[in-house]
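Hello,

Here is the structure I promised to pass on. Have a look at it first, then read my notes below.

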Amino acid sequence: MRTIRPRYNESDLETVLLTSEDIQRRISELSSELSEHYQGEDVTIVSILSGALVFTADLIRSCNFPTRLDCLRAESYGNATTAQTPPRITNPLKTDIKNHHVLVVDDILDSGNTLKAIIAHLEKHSPASLKTCVLLDKPARHEKSFSADFCGFSIPDQFVVGYGLDFAERYRNLSCIGVLREELQNSDTHS
Ligand code: 5GP
Ligand code: MG
Ligand code: MG
């Protein structure tokens with residue numbers, strides 16, 4: 001038997017910035033750019049949990065080069081809409097990346113602090129190459145001169161959810177990306 005349960009959905013969004021179709025179309029273009037860059041080389045994808053989970057799942061299935069998948073968890077937000085602490089990497093890599101091509105995949109480049117910390121961490125393991133791919137970029141928020149090697153969309157300085165991006169672990173399941181209604185950003189129902 002199938003039980004219908006209420007779920008958080010797009011009606012909680014003030015605006016939809018990117019539809020599912022926009023995202024899928026761009027992922028297909030990004031995978032062509034990556035395939036062109038890696039030319040069939042073996043690549044270790046390091047996905048930054050939890051935000052990059054959905055993007056990584058679609059991206060790796062769209063790429064036509066061999067991959068290994070590893071994950072790092074970086075935390076700084078807690079249940080808030082702004083960073084609460086400097087980014088902390090909370091798990092070790094499972095794969096040996098020495099002399100391997102590594103592509104870090106993240107959901108969004110905001111201040112740049114998370115990716116900077118991840119890169120400093122991975123560089124210590126002597127990869128053959130180290131590149132970054134983000135779905136979203138908020139150029140207005142960069143604190144450090146840093147840009148991703150591959151980027152899906154440049155977006156305005158607004159807190160977005162959906163397609164892996166959360167507010168207090170919710171909304172990751174939306175297939176679009178949008179701006180959460182302001183009153184919900186402060187609501188107790190999300191803690
Ligand atoms: P940064 O360290 O670049 O400031 O932030 C990177 C991380 O903060 C992202 O990987 C993401 O988890 C979180 N983040 C930054 N901006 C947003 C946003 O607009 N929405 C959500 N849900 N998370 C964000
Ligand atoms: Mg993240
Ligand atoms: Mg988050």
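**Around the ligand**

A polar side-chain atom of Asp 106 sits 3.3 Å from an oxygen atom of ligand 1. Keep in mind that this is a predicted model.

A nitrogen atom of ligand 1 lies 2.7 Å from a backbone N or O atom of Val 160. A polar backbone atom of Asp 166 is also 2.7 Å from a nitrogen atom of ligand 1. On its own, ligand 1 has 500 Å² of accessible area, and the protein covers 91% of that.

Which elements give two or more residues to the shell around ligand 1? They are strand 5 and helix 3 (113-123). Strand 5 supplies the largest share, with 3 residues. The shell has 15 residues, and Asp 107, Ser 111, Thr 114, Val 160 and Asp 166 come nearest to ligand 1. By type, the shell divides into 5 nonpolar, 5 polar and 5 charged residues.

**The nonpolar cores**

Now turn to the largest nonpolar core. It holds 27 residues. Those that touch the most other members are Leu 34, Phe 55, Leu 59, Leu 103, Cys 133, Leu 136 and Ile 177. Several elements give two or more residues to this core: helix 1 (20-38), strand 2 (43-49), helix 2 (53-62), strand 5 (101-109), strand 6, strand 7 and strand 9 (177-180). Helix 1 gives the most, with 5 residues.

Take Leu 136 as an example from the largest core. Beyond its neighbours within four places in sequence, Leu 136 is in contact with Leu 18, Asp 107, Ile 108, Leu 109, Phe 153, Ile 155, Val 160, Leu 165 and Ile 177. Among these contacts are Asp 107 and Val 160, and both are also listed as coming nearest to ligand 1.

**Two residues in one loop**

Find the loop between strand 8 (160-161) and strand 9, where Arg 172 has its place. Is Arg 172 buried or exposed? Arg 172 counts as buried, because its relative accessibility is 17% and the cut-off for buried is under 20%. A polar atom of the Arg 172 side chain lies 2.7 Å from the backbone oxygen of Gly 164. Leaving aside residues within four places in sequence, Arg 172 is in contact with Ser 50, Gly 51, Val 54, Gly 162, Tyr 163, Gly 164, Leu 165 and Asp 166.

Cys 176 also lies in the loop between strand 8 and strand 9. Cys 176 is buried too, with a relative accessible area of 3%. Residues up to four places away in sequence aside, Cys 176 touches Glu 10, Leu 13, Val 16, Leu 18, Thr 19, Ser 20, Ile 23, Val 161, Gly 162 and Tyr 163. Phe 153 is 23 residues from Cys 176 along the chain, and their C-alpha atoms are separated by 13 Å.

**An exposed residue**

Last, look at Glu 143. It lies in the loop between strand 6 (129-137) and strand 7 (150-154). Glu 143 counts as exposed, because its relative accessible area is 58% and exposed means over 50%. Which residues does Glu 143 contact, leaving aside its neighbours within four places in sequence? They are Ser 111 and Asn 113. With Asn 113, the link is a polar contact between side chains, at 3.2 Å. The C-alpha atoms of Glu 143 and Glu 21 are separated by 31 Å.

Best wishes

Notes:
Residues numbered from 1 in each chain as written. Chains lettered and ligands numbered in written order. Predicted model: local features only at pLDDT ≥ 70, side-chain atom pairs only at ≥ 80, totals over all residues. Heavy atoms only, no water. Helix = DSSP H or I, 4+ residues; strand = E, 2+ residues; numbered from the N terminus. Buried < 20%, exposed > 50% of the residue type's maximum accessible area, 1.4 Å probe, protein only. Contact = heavy atoms within 4.5 Å. Polar contact = N/O pair within 3.5 Å; in protein donor to acceptor, adjacent residues only side chain to side chain. Core = buried A, V, L, I, M, F, W, Y, C linked by side-chain atoms within 4.5 Å. Near = heavy atom within 4 Å. Areas by Shrake-Rupley, 256 points an atom, 1.4 Å probe, with all protein chains shown as cover. Nonpolar A, V, L, I, M, F, W, Y, C, P; charged D, E, K, R; others polar.
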